[in-house]
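The structure is shown below, and the text then follows it topic by topic.

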Amino acid sequence: MKEVYMTQPEISRGDCFSEISQNKMTQQKAAEMLGLSDRHVRRLYTKFKEFGIISLISQQRGKPSNHQLPTGLRARISELITIELYKDFGPTFMCEKLNELHGIKISVESTRKLMIKNGVWEAHKKKRPVIHQQRKRRARCGELVQIDGSPHAWFEDRGELCVLIVFIDDATGRAYGRFFKSETTKAYMITAKIYFSKYGRPLAFYSDKHSIFRINKPGCLKKELITQFGRACKELDIDIICAHSPQAKGRVERNNQTQQDRLVKELRLAGISTIDKANEFLDKIYWNAYNEKFAISPESQEDAHRNLLQEHDLEKTLSRKKQGTLSKNLEVQCDNVIYQIVLENPSWHLRKAKVTIIKGINEKVYIEYNGKNLPFKILSEQEISGKAVSFKALDTFFRKKKTREVPYDHPWKKEGRAIVKMNQYKAASQKEVMV
């Protein structure tokens, strides 16, 4: 007797048709129970009476699908996804590049199955979801801009480690960023200056509790002290909101994960391994294509960005400012550099005067007194000892730090070689005695 394998829906249909044949159920009632139309039930019941329960089994079972990829195309895709250039591409990104670079248009799921079959991708188990409170997007573009730095091996083993400073609008998901050697106040100011010139001043920045954005020393929060970046934002009427957790600013954190997957591979395909070329690639190609694909329309069409005012001198606002007191010789020190005010007619009233030393992001220095620039010259410059390094830049700092190499003819090495030779001589002598 031939065994017949049936699915549960097919077995349910067989039970209903058996009751219909015994006049225990009407075809209309069977249609309601099976969720089928009356006409379809009549057609299936006709085959059931003629061929029996085997007529309810799908005729496509055990046969190849009519929608499968051609054998030649499957072989071509398998060849492409296994080459070294695409070794760490995910199914979604691989599917996009097959379409863009090779003209092969298939679904993401088909790409994923072929990658699993060829051993270049592993199926991920679904993680248990962690529930966080949902925060609605801001209604207008420019109401809130999330900012963060992402240190990563962006050039893999082709170039040095660096940081991507990212600004992403909360309402639209529109992103902009640039590469820098490390995450510093200057890096954020340069990125902010370009962002302001492109879109205008946002209402607020949303950041983490990095010391660039707020002073974390205990007891300083009550004194309302602010950082250089905080002072610049205050002058431009931009609020800074510091998040208590990475999940609170999840939009920029997820964007960093996306860039660490997509952007690394885009830089590899473009053959880019330097920061200057990478920034040029971001400005001319990448961000336009990325925002066109992922950015969404805001709830409100009103733009909350504000134009820069005439009194906003970005060169002096986006800078480091330090207060100093002129000596009797009209000298002031800043960053181990001594500046002296040079006037045609030196005035006694400038002695002990409070001045502001301004060092711009272009390294240009200004000295202001009552809102006016004072001419000066550099008297002396001293070396800086005990360089301050951010905790995010420690890895890069230690990679650059060179260890001392002891010369070959150093006494330590000479003494070590003599001891080794003596031990070898003793071992050889013992062997001769034993023989």
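## Aromatic pairs and a cluster

Rings of Phe, Tyr and Trp (its six-membered ring) are taken to pair if their centres lie within 6.5 Å, planes under 30 degrees apart counting as stacked, over 60 as edge-to-face and the rest as tilted. The model is a predicted one, in which local features need pLDDT of at least 70 and side-chain atom pairs count only at pLDDT 80 or more, while totals for chains, interfaces and linings use all residues. Residues are numbered from 1 along each chain as its sequence is written, and side-chain values use heavy atoms, with hydrogens and water left out.

By the ring rule the count comes to 21 aromatic pairs. Tyr-188 and Phe-229 form one that is edge-to-face, with 6.0 Å centre to centre and 65° between the planes. Tyr-188 lies in helix H7 (residues 185-199) and Phe-229 in helix H8 (residues 228-235), so this pair ties together parts that are 41 residues apart in sequence; helices (H or I, at least four residues) and strands (E, at least two) are DSSP runs, numbered from the N terminus. Both Tyr-188 and Phe-229 are buried, where buried means under 20% relative accessible area, exposed over 50% and partly exposed in between, with a 1.4 Å probe and protein chains only. Tyr-188 and Phe-229 also belong to one aromatic cluster, together with Phe-167, Tyr-195, Phe-196, Tyr-199, Phe-205 and Phe-213.

## Helix H10

Tyr-290 and Phe-294 form a tilted aromatic pair, at 4.8 Å centre to centre and 40° between the planes. Both residues lie in helix H10, 4 residues apart, which is about one turn of the helix. Tyr-290 counts as buried because its relative accessibility is 10%, whereas Phe-294, at 35%, counts as partly exposed.

Helix H10 (residues 275-294) also holds Glu-280 and Lys-284, which are 4 residues apart and thus separated by about one helical turn. Their side chains meet in a salt bridge (3.0 Å, N to O), a term for a side-chain nitrogen of Lys or Arg within 4 Å of a carboxyl oxygen of Asp or Glu. Glu-280 is partly exposed at 40% relative accessibility, and Lys-284 is exposed at 61% relative accessible area.

## Other salt bridges

A search of the whole structure finds 28 salt bridges. In one of them, the side chains of Lys-316 and Glu-368 meet at 2.9 Å, N to O. This pair links distant parts of the chain, with Lys-316 in helix H11 (residues 314-317) and Glu-368 in strand E10 (residues 365-369), 52 residues apart. Lys-316 and Glu-368 are both buried.

Arg-158 forms a salt bridge with Glu-156, in which the closest N and O atoms are 2.7 Å apart. Arg-158 is partly exposed, with a relative accessible area of 31%, and Glu-156 is partly exposed as well, with 25%.

## Packing of H5 and H9

Helix H5 (residues 91-102) and helix H9 (residues 250-270) pack at an angle of about 30°, with their axes 11 Å apart; axes are lines fitted to C-alpha atoms, for helices over the stretch in contact, and angles run from 0 to 180 degrees between N-to-C directions.

Thr-92, Phe-93, Glu-96, Lys-97 and Leu-101 in H5 meet Arg-262, Lys-265, Glu-266 and Leu-269 in H9, contact being defined as heavy atoms within 4.5 Å.
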